Amino acid sequence: MAPALSGSMLVLTEQDIVMSRQLVRKLTQELKFSLVDQTKMITAASELSRNAVVYGGGGEMRWEIVNQGGRTGLRLAFEDKGPGIADVDLALRDGWTSGKGLGMGLSGSKRLVNDFEIKTVLGEGTCVTITRWK
Ligand SMILES: Nc1ncnc2c1ncn2[C@@H]1O[C@H](COP(=O)(O)OP(=O)(O)OP(=O)(O)O)[C@@H](O)[C@H]1O
Ligand SMILES: [Mg+2]
């Protein structure tokens, strides 16, 4: 049977954050990403899963293996139905946190991937999509 090219999992708890890391590790290994690129994608996924849990009240991680122009990549989307982000530019600033974090999750994740997109609506939720190409 051919492996699935997309899927999703709920990210509601601390344990789910661990599971999301494990899933991204498995996917990047299957795609034969370099060890460095595996670690980059796992780290970004961990940060975005944590934000979905801490700020979004839980959410879901969708994954998709994408092919474009002869390249293969892994795309991950972290979606929650939380309060949304009022000022995305501010949220993306190194060291800015509304809580007790280091304020490095979003900005760090952005640097670790090739494509990074935030869609957020106040009172409706947030979706962060990242892609790393092989
Ligand atoms: N899914 C989300 N929903 C609502 N607000 C969010 C979400 N993700 C991030 N934010 C807001 O953006 C800010 C910056 O997020 P970021 O992940 O960079 O830092 P942090 O979570 O505060 O700290 P760190 O991730 O370094 O522990 C957060 O403090 C929070 O206010
Ligand atoms: Mg964070």
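Trainee: Where is the place of Leu 27?

Mentor: This is a predicted model, in which local features need pLDDT of at least 70, side-chain atom pairs count only at pLDDT 80 or more, and totals for chains, interfaces and linings use all residues. Residues are numbered from 1 along each chain as its sequence is written, chains are lettered from A and ligands numbered from 1 in the order in which they are written, and side-chain values use heavy atoms, with hydrogens and water left out. Helices here are DSSP runs of H or I with at least four residues, and strands are runs of E with at least two, numbered from the N terminus. The place of Leu 27 is in helix α1.

Trainee: Is Leu 27 buried or exposed?

Mentor: Buried means under 20% relative accessible area, exposed over 50%, and partly exposed in between, with a 1.4 Å probe and protein chains only. Leu 27 has a relative accessible area of 2%, so Leu 27 is buried.

Trainee: Leaving aside neighbours within four places in sequence, which residues is Leu 27 in contact with?

Mentor: Contact means heavy atoms within 4.5 Å. With neighbours within four places in sequence set aside, the contacts of Leu 27 are Trp 63 and Leu 74.

Trainee: What does α2 reach from its first C-alpha to its last?

Mentor: The expected span of a helix is 1.5 Å times one less than its number of residues. α2 has 20 residues, and 28 Å is expected at 1.5 Å a residue. Close to that value, α2 reaches 28 Å.

Trainee: What is the relative accessible area of Ser 49?

Mentor: Ser 49 lies in helix α2. Leaving aside neighbours within four places in sequence, Ser 49 is in contact with Val 11, Ile 17, Ser 20 and Phe 78. Ser 49 is buried, and its relative accessible area is 0%.

Trainee: Which element gives the largest share of the lining of the largest pocket?

Mentor: A pocket is an open set of points on a 1 Å grid over the protein atoms alone, where a 1.4 Å probe fits, with protein on both sides within 12 Å along at least five of seven lines; lining residues have an atom within 4 Å of a point. About 710 Å³ of space lies in the largest pocket, and of its 35 lining residues the closest to the centre are Asn 51, Tyr 55, Ala 91, Thr 97 and Leu 106. The largest share, eight residues, comes from α2.

Methods
Grid points are joined across faces, edges and corners, and a volume is the space filled by probe spheres set on the points.
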